Amino acid sequence: MKKFLNGPWVLILPTIIVLTCVVFLPLLISLWTSFTPFKLTKPDTLYRFVGFRNYERLIGDYDFWVAFGRTVLFLTIALNLELVFGLGIALLINKITYAQKTLRTLMMFPMMFSPILVGFQWKYIFNDNIGLLNNFLREFGVINPIPWLVDATLANISIMAAEIWSSTSVFAILLLAGLMGIPKDPIEAAKVDGCNSWQVFKNITLPFLMPFIFIAMTIRSLDVARAYDIVQMMTGGGPAKRTELLWTLISRTGYVDAKMGMANAMSYISIFLSIAFTFFFFYKLMEARKILSYD
Amino acid sequence: MAKVTLENVSKFYGNVEAVKKINLEIKDKEFLVLVGPSGCGKSSSLRMIAGLEEIDEGIIKIGDQTVNELEPRERNVSMVFQNYALYPHMTVEENLGFSLKIAAQEKKEIEERVEEAAEILDITEFLQRKPSQLSGGQRQRVAMGRAIVRRPDVFLFDEPLSNLDAKLRNQMRTEIKRLHQKVSTTIVYVTHDQVEAMTLADRIVIMKDGIIEQIGSPLDLFERPATKFVATFIGSPSMNMINATIINENNQLIMKTDDGIFVPVPQDKINSVKDGQKISFGFRAEDIVPLRFGQKPNNHWDMKSKVNLAEPLGTETLIFTNFGSVEIVSRMFTPEQVNSNENLDFSLNLDRTYLFDDETGMAI
Ligand SMILES: Nc1ncnc2c1ncn2[C@@H]1O[C@H](COP(=O)(O)OP(=O)(O)OP(=O)(O)O)[C@@H](O)[C@H]1O
Ligand SMILES: [Mg+2]
């Protein structure tokens with residue numbers, strides 16, 4: 001016992017206790033509930049084990065897989081556009097010498113808004129009656145209001161616009177940090193070696209930037225689920241499930257329909273999506289670093 | 001096949017004038033070394049030739065073409081950087097062939113030229129490695145290989161050896177010299193090491209504070225320094241320099257050092273100095289001879305002094321002693337034991353004593 005008290009275990013014990021309480025236990029409990037028909041309204045259902053029934057139902061659930069597919073598509077398009085815009089902004093800001101710090105700070109503004117506010121703000125912009133955008137378009141003779149948040153395609157695009165607005169700066173900042181860290185010499189050597197600006201970018205800048213791109217991708221694929229707030233505020237997944245993403249579907253199943261067991265089963269499936277994205281980008285990150293012989 | 005011409009070229013960084021209206025003509029196939037203390041504008045000049053730095057004033061021509069407005073890639077120059085600037089994500093082979101790939105050369109042609117360059121520089125066995133897997137000297141050779149693969153009109157070297165240890169530096173220096181003989185292309189080489197400058201150059205340009213102090217062959221600069229700065233900069237050990245005033249003693253001009261020692265004015269300078277003029281006189285270590293071990297020069301002035309320290313270097317021995325209050329160094333070529341605190345007779349060779357005006361710094 002004395003040996004135990006002096007050992008390293010004692011030192012990490014607080015961490016273990018806290019992690020157990022806030023991470024491992026909830027994980028275990030939610031995993032358990034996904035094997036029960038647990039309904040919030042009927043607490044004793046928590047103890048009725050039904051095996052894989054929730055999962056079996058989900059496999060045949062059309063709505064779930066539509067939301068799943070839409071989420072993957074949403075992630076792919078949003079992350080890629082954020083990357084492109086973020087890279088563009090970073091390249092531009094890296095070029096200017098005047099007021100760079102001010103711009104860098106300004107650029108971070110969207111990150112200061114909570115996603116709920118972003119949702120509100122964009123809901124207001126895209127509202128078909130009183131929205132800023134339609135008002136603006138009316139000035140140019142678009143008389144019939146465009147149903148931004150109602151039409152299936154438009155609603156998805158609107159949500160994506162809000163999401164991209166709020167998260168592009170994450171990419172921009174990480175990539176700018178990457179750009180500023182690129183050594184000047186290889187770039188100058190490439191210029192002397194005959195490269196024009198595009199060739200310098202493609203052959204030198206981009207390989208140096210790759211690790212940063214994948215770091216940004218990894219971080220974003222971990223916190224992208226925060227887009228839930230935006231979707232919930234702007235459309236709530238509707239109308240008629242046209243903008244349903246996994247996160248809105250899960251929260252509705254769990255809290256509105258009170259089917260906690262089913263919702264947790266969905267969560268476990270969607271967690272694999274998240275893990276897959278993260279793993280993929282992390283693997284790419286390692287590879288990009290290896291190419292630069294950093295490790 | 002190209003000469004390089006700089007006409008009234010200046011470079012400003014904000015208010016700092018790093019290069020001040022320099023004029024320079026580098027001949028075709030010449031090995032020209034730019035040398036000078038840190039911050040004197042060597043790199044700035046070189047980078048303007050390469051096109052990496054804007055030319056703020058004046059004209060630079062490569063061959064007959066004015067290149068002021070040309071991008072680096074349009075100038076057909078190669079540059080070797082101080083810290084190699086290799087592309088870390090490419091193998092040595094890709095590094096060497098990169099410029100050719102960009103120029104859309106055929107694969108076979110690229111392979112041949114890379115192989116040829118690798119052979120010249122003896123790096124064939126490293127072709128498949130990444131730069132991070134090479135030693136400093138090997139990286140330096142890859143950097144040079146990358147430069148020669150292009151067959152440029154002009155090679156630009158910016159202190160390529162300063163990151164290497166002494167032994168490797170000597171070895172690479174010889175290799176660069178050999179390389180120049182092999183490829184015979186115009187080379188502009190920047191260094192702050194005067195030994196490198198002396199051994200490599202056809203002609204040396206000595207810069208200080210953004211201006212050119214003197215241009216000439218290594219021997220020229222050594223034998224006929226135009227300014228006090230050049231005199232002390234070129235040669236190792238540095239030229240001994242004593243402050244003095246010309247005075248009239250019994251109708252004869254004589255140099256009186258700040259410590260009150262009288263030294264006659266060398267015969268050939270007697271008509272170029274005047275009474276009251278503040279001067280410095282300088283002499284190299286081998287021109288003040290310790291009498292016991294050397295021969296008295298024809299025109300000489302003798303003194304007795306105590307040895308502070310003797311540094312035997314094998315073929316030569318450096319003897320540190322005092323000239324009044326100034327420590328000077330004398331070099332003797334006989335391998336004999338000299339002890340500290342020993343009193344020796346020294347003889348100064350007046351025929352090889354240099355005089356500089358203190359006001360202008362110019363040689364008299
Ligand atoms: N980018 C810059 N911005 C401002 N000043 C600069 C810049 N680059 C060089 N300078 C200044 O210009 C002067 C000349 O610099 P340069 O790099 O040409 O010197 P150098 O002779 O190559 O010195 P070194 O031997 O240390 O490399 C220095 O005083 C330096 O401080
Ligand atoms: Mg320099």
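Let's start with the interface. Chain B and chain A bury about 1900 Å² between them, and 61% of that is on carbon and sulfur atoms. Three residues stand out here. R73(B), H89(B) and I102(B) supply 31% of the area that chain B buries against chain A, more than any other three residues. Keep in mind that this is a predicted model.

Who takes part? The contact draws 20 residues from chain A and 23 residues from chain B.

Now the polar side. Between chain B and chain A, the count is nine residue pairs in polar contact, both at pLDDT 80 or more. There are two salt bridges between the chains. One of them joins the side chains of D193(A) and R146(B), at 4.0 Å, N to O.

Next, the side of chain B that touches chain A. Strand 6 (77-80) and helix 2 (92-102) of chain B are the elements that give two or more residues to this side. Helix 2 of chain B gives the most, with four residues. By class, this side has 12 nonpolar, six charged and five polar residues.

Last topic: the cavity. The structure holds one cavity of 30 Å³ or more. About 50 Å³ of space lies in the largest cavity. Which residues line the largest cavity? From chain A, they are A189(A), V192(A) and D193(A). From chain B, they are S78(B), M79(B), A143(B), R146(B) and A147(B). Helix 4 of chain B gives the largest share of the lining, three residues. By class, the lining has five nonpolar, two charged and one polar residues.

Terms used. Residues are numbered from 1 along each chain as its sequence is written. Chains are lettered from A and ligands numbered from 1 in the order in which they are written. This is a predicted model: local features need pLDDT of at least 70, side-chain atom pairs count only at pLDDT 80 or more; totals for chains, interfaces and linings use all residues. Side-chain values use heavy atoms; hydrogens and water are left out. Contact means heavy atoms within 4.5 Å. Buried area is the accessible area (1.4 Å probe) that two parts lose on being put together, summed over both. A polar contact is a pair of N or O atoms within 3.5 Å; within protein, one must be able to donate a hydrogen and the other to accept it, and residues adjacent in sequence count only if both atoms are side-chain atoms. Ala, Val, Leu, Ile, Met, Phe, Trp, Tyr, Cys and Pro count as nonpolar, Asp, Glu, Lys and Arg as charged, and the others, Gly among them, as polar. On a 1 Å grid over the protein atoms alone, a cavity is a set of points where a 1.4 Å probe fits but cannot get out, and a pocket is an open set with protein on both sides within 12 Å along at least five of seven lines; lining residues have an atom within 4 Å of a point. Grid points are joined across faces, edges and corners, and a volume is the space filled by probe spheres set on the points.
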